[in-house]
Amino acid sequence: MAGGVWGWVQETPVGALTLTAVAEGIRARQGWSREPPSTGPQPEPWELKPEAEPQTQALATHAETEPGCGATVPEAGSEPRSPEGPHQVPQSSWEEGVLADLALYTAACLEEAGFAGTQATALTLSSALEARGERLEDQVHALVRGLLAQVPSLAEGRPRRAALRVLSALALEHAQDVVCALLPRSLPPDRAAAELWRSLSRNQRVNGQVLVQLLWALKGASGSEPQALAATRALGEMLAVSGCVGATRGFYSHLLLALVTQLHELARSPRSPDMPKIWILSHRGPPHSHASCAVEALKALLTGDGGRMVVTCMEQAGGWRRLVGAHTHLEGVLLLASAMVAHADHHLRGLFADLLPRLRSADDPQRLTAMAFFTGLLQSRPTARLLREEVILERLLTWQGDPEPTVRWLGLLGLGHLALNRRKVRHVSALLPALLGALGEGDARLVGAALGALKRLLLRPRAPVRLLSSELGPRLRPLLDHTRDSVRASAVGLLGTLVRRGRGMLRLGLRGPLRRLVLQSLVPLLLRLHDPSPDAAESSEWTLARCDQAFSWGMLEEMVTVARYDSPEALSHVCRRLVRRYPGHVPNFLSQTQGYLRSPQDPLRRAATVLIGFLVHHASPGCVNQDLLDSLFHDLGRLQDDPQPAVAAAAHVSAQQVVLLARAGGPPRGLRLLRLLRLAPRPARPPPVFADSPFQRRSLAGRWGCSGPRPA
């Protein structure tokens, strides 16, 4: 029967009024209102049920021309009557056939732009779909293709809203089929497809179903597969519509994790030339790349749920840029978790529960993203209490045995967050071995995470200061000269925190391990005041201030002046007090400083040269052996040919101080130094005078007893 109706309809045009009457009849049978849709005020787009196009005329034609069907489609307002006769067709079978004819005819009409009666046709089809939409599995794809072809040609207003209503009516019963039909047209981006996604998003009866189907499409494909890329773009279009995020209730955390995991997949895939570009809300047009589209979808998801502060924090911290980076994605996830802990805590419990099964996933992007989120959410104490403390600690310690450095790094970060919880005092014995062992790792990320966790541990009440003072001695000293700026700054800051927490021990005379650690680190701290890294220099200044306070040196002003203005006069005061207070450590101070003469960094080489000059000047003749003086003279002589003029000039001045100290201490064994001493007179040792440093500002002249400003 469907074929007969189809052939008859193609030859019999039907007017819009007749189609409207058919729509009223269908509505009346369903108990709906009989108000004509084409008269009176037009409802807003979000109030309309999904609409369609000129395809319903088949039903009207069939009702008017074929005998035996007129009784089945009643006039508006009349009660339906059952057909009689020996050859009566079952009602459900008849409706199914007519609806199939109607769908096929509408699909054909939608592909012809400008078909007369578009609005009435679409209204009739949408009414039929809402009545018996579950019967149309085979025609959904044809209808969606027709809509995609027709929508760009329809005028804004009623005709376009009528066509879009058909799509929503289809999605109400066939959401999966509609999504499958639309996804192929979403990649590459298509304006008509984008409009259809937005129309589905505005319909609150279907947007939740469509979002669920897109979520499954995203989770069921690899990140770089066309299906996943198309689903990402579709989600971006739908979530950008105001009010759509409310439809994600019940699967919000699943959708958020899927989008973040998709970003990880895209970051690991081969980059296209525009991949590093990050979409900015002020830009016009579609996002540059798939990663930018995923970022925009994630922003829309957070903003639509009241997480605008999360988006702002991520922008200020560079979190979005990190999320799309191949090597920084997990850092971006950690920043996102931290921002959500601070500003979107109402989702943390759901996220935490959804993360647990992902921690054992065989898919690396999914597992690592879940691990990073899990680690970040441990900053929230209420969230962390969802699992027993022992279970969390056991999981994090297990990660320390993983061969993958990234997993060990995340475990160390988690241990650091765990250390913030004051109730976990009994777990210190389990935390310390893992943290101290990580200080010897070759990966700078692991070392930095361990340093941060140890600092948090020291900030807790009843921190194990004495134990850390003895354990950190051989481990912390090499880290003060680490090649990574962030590690140097963290190591210096950890030493300052340890000294501040150990002040009580120093007052009680328990100076052993902590005193040795500070004296071994004193020269690196003084030289790191000139570190090219501002963070390392500021951290050294802060730590020296803590040491001055703890050991009662009384040199705080001088140290600050050296740090801020590179004042030789202030440095001379510091060296004089150190030599007088620790005369037995002067050879060690000189040996340590000598090692920095080979530094590849010009500021450090010059600072080490100047420090040697002042230490030698203030040292007593008998406290430095001749072997050390010979070695110093040799290295300083080599530096007099340094390509940096400031370093060569400072080396010349310090070498003269070595000569004077050697002569004052007796006959040297170095032949070259011996010849110089025989030729030179032996006056009293004058103080060294160094030229201004080209690397840093000088302090005001006269502050430390100078007669006037030095010439530039």
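Arginine 515 counts as partly exposed because its relative accessibility is 28%; buried means under 20% relative accessible area and exposed over 50%, with partly exposed in between (1.4 Å probe, protein chains only). Before we go on, note that this is a predicted model, where local features need pLDDT of at least 70, side-chain atom pairs count only at pLDDT 80 or more, and totals for chains, interfaces and linings use all residues. Residues are numbered from 1 along each chain as its sequence is written, and side-chain values use heavy atoms, with hydrogens and water left out.

So where does arginine 515 sit? You'll find arginine 515 in helix 26, residues 512-527. Helices here are DSSP runs (H or I, at least four residues), numbered from the N terminus. Skip the neighbours within four places in sequence, and arginine 515 is in contact with Phe551, Tyr582 and His585, where contact means heavy atoms within 4.5 Å. Cysteine 547 is 32 residues from arginine 515 in sequence, and their C-alpha atoms are 9.8 Å apart in space.

Now for the inside. In soluble globular proteins, nonpolar side chains tend to be buried together. In this model, the largest nonpolar core has 192 residues, and Trp197 and Phe373 have the most contacts inside it. Such a core is a set of buried Ala, Val, Leu, Ile, Met, Phe, Trp, Tyr and Cys residues joined through side-chain atoms within 4.5 Å. Look at phenylalanine 373: leaving out residues up to four places away in sequence, the residues it touches include Leu256, Val260, Ala337 and Met340.

Next, the aromatic rings. Rings of Phe, Tyr and Trp (its six-membered ring) pair if their centres lie within 6.5 Å; planes under 30 degrees apart count as stacked, over 60 as edge-to-face and the rest as tilted. By this rule there are four aromatic pairs. One of them joins phenylalanine 374 and tryptophan 399 edge-to-face, at 5.9 Å centre to centre and 65 degrees between the planes. Phenylalanine 374 lies in helix 17 (residues 364-377) and tryptophan 399 in helix 19 (residues 389-399), so the pair ties together parts that are 25 residues apart in sequence. Phenylalanine 374 and tryptophan 399 are both buried, and together with Phe352 they form one aromatic cluster.

Technical notes: Helices (H or I, at least four residues) and strands (E, at least two) are DSSP runs, numbered from the N terminus.
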